[in-house]
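Have the model open while you read.

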Amino acid sequence: MGVDDVSLAQDRIKFCHLLCIEYLPTYHFWEVVDVSRRVALVAVLAAFDTANPLQLTIALAIAVAYKWLLTWCKPYARMADNSLSIVAGWSVIVTLFAALLLRFDVVLPWAAAVAVLSLAFVAPLAVCLHT
């Protein structure tokens, strides 16, 4: 192995280190989990017709499963990142649930609609300002 090969290997290690620097050492693989979640959500959205309520139901199940896993593992090195990610997960869940309610033409009272929107959009902002 020449000097150039060693240098190239060190550059690759530095590049891969950027993908896992934000995670605890036991969760360096978490980027793969997160990318898998994104791919699964996009695949679900693309696989079903937009009029099919199964599309939102499966997306909601994926979001709930990922949020549960995220809450259980807490893979980020900084606790603020864990908190923000959990709140963002709740935001996605509430948004998908609201979309599912709209799909089935469920009419909410005005106060309940404001509460749902608050959970989905204001709570992450509050966590961001708190950290």
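1. Starting with the overall picture: of the contacts in the protein with a separation of 6 or more, 66% are between residues 24 or more positions apart. Keep in mind that this is a predicted model. Buried residues account for 26% of the 131 residues.

2. Now the pair I'd look at. Helix α3 covers residues 53-73 and helix α4 covers residues 79-103; their axes come within 9 Å and cross at roughly 160°. That angle makes α3 roughly antiparallel to α4, since anything over 145 degrees counts as such. The crossing of the two is left-handed.

3. Who touches whom here? On the α3 side, the contact involves Pro53, Gln55, Leu56, Thr57, Ala59, Leu60, Ala63, Val64, Lys67, Leu70 and Thr71. These meet a set in α4 made up of Ser85, Ile86, Gly89, Trp90, Val92, Ile93, Leu96, Phe97, Ala99, Leu100 and Arg103. By type, the residues of this contact split into 15 nonpolar, 5 polar and 2 charged.

4. On α3 itself: the helix has 21 residues and reaches 30 Å from its first C-alpha to its last, close to the 30 Å expected at 1.5 Å a residue. Its buried residues are Gln55, Leu56, Ala59, Leu60, Ile62, Ala63, Tyr66, Lys67, Leu70 and Cys73. Their cover includes α2 (30-47) as well as α4. When you look at the spacing in that list, recall that an α-helix has 3.6 residues a turn, so residues three or four places apart point the same way.

5. Cys73 deserves a look of its own. This residue lies in helix α3 and is buried because its relative accessible area is 11%, under the 20% cut-off. Beyond its neighbours within four places in sequence, Cys73 is in contact with Tyr27 and Trp30. Cys73 and Trp30 are 43 residues apart along the chain, and their C-alpha atoms are separated by 9.7 Å.

6. Next, the loop between α3 and α4, where Lys74 sits. Lys74 is not a glycine, yet has a positive phi of about 50°. With a relative accessible area of 35%, Lys74 is partly exposed.

7. Pro75 lies in that loop too. Is Pro75 buried or exposed? Pro75 counts as buried, because its relative accessibility is 0%. Leaving out neighbours within four places in sequence, the residues in contact with Pro75 are Glu22, Tyr23, Leu24, Tyr27, Trp30, Leu70 and Asn82. One of these, Tyr23, is 52 residues away from Pro75 in sequence but 5.5 Å away in space, C-alpha to C-alpha.

8. Last, α4. This helix has 25 residues and spans 36 Å from first C-alpha to last, close to the 36 Å expected at 1.5 Å a residue. The buried residues in α4 are Asp81, Asn82, Ser85, Ile86, Val87, Gly89, Ser91, Ile93, Val94, Leu96, Leu100 and Leu101.

Definitions and conventions
Residues are numbered from 1 along each chain as its sequence is written. This is a predicted model: local features need pLDDT of at least 70, side-chain atom pairs count only at pLDDT 80 or more; totals for chains, interfaces and linings use all residues. Side-chain values use heavy atoms; hydrogens and water are left out. Axes are lines fitted to C-alpha atoms, for helices over the stretch in contact, and angles run from 0 to 180 degrees between N-to-C directions. Helices (H or I, at least four residues) and strands (E, at least two) are DSSP runs, numbered from the N terminus. Angles under 35 degrees count as roughly parallel, over 145 as roughly antiparallel, 65 to 115 as roughly perpendicular and the rest as oblique. A crossing is left-handed if the near helix is turned anticlockwise from the far one by less than a right angle, and right-handed if clockwise. Contact means heavy atoms within 4.5 Å. Ala, Val, Leu, Ile, Met, Phe, Trp, Tyr, Cys and Pro count as nonpolar, Asp, Glu, Lys and Arg as charged, and the others, Gly among them, as polar. Buried means under 20% relative accessible area, exposed over 50%, partly exposed in between (1.4 Å probe, protein chains only). The expected span of a helix is 1.5 Å times one less than its number of residues.
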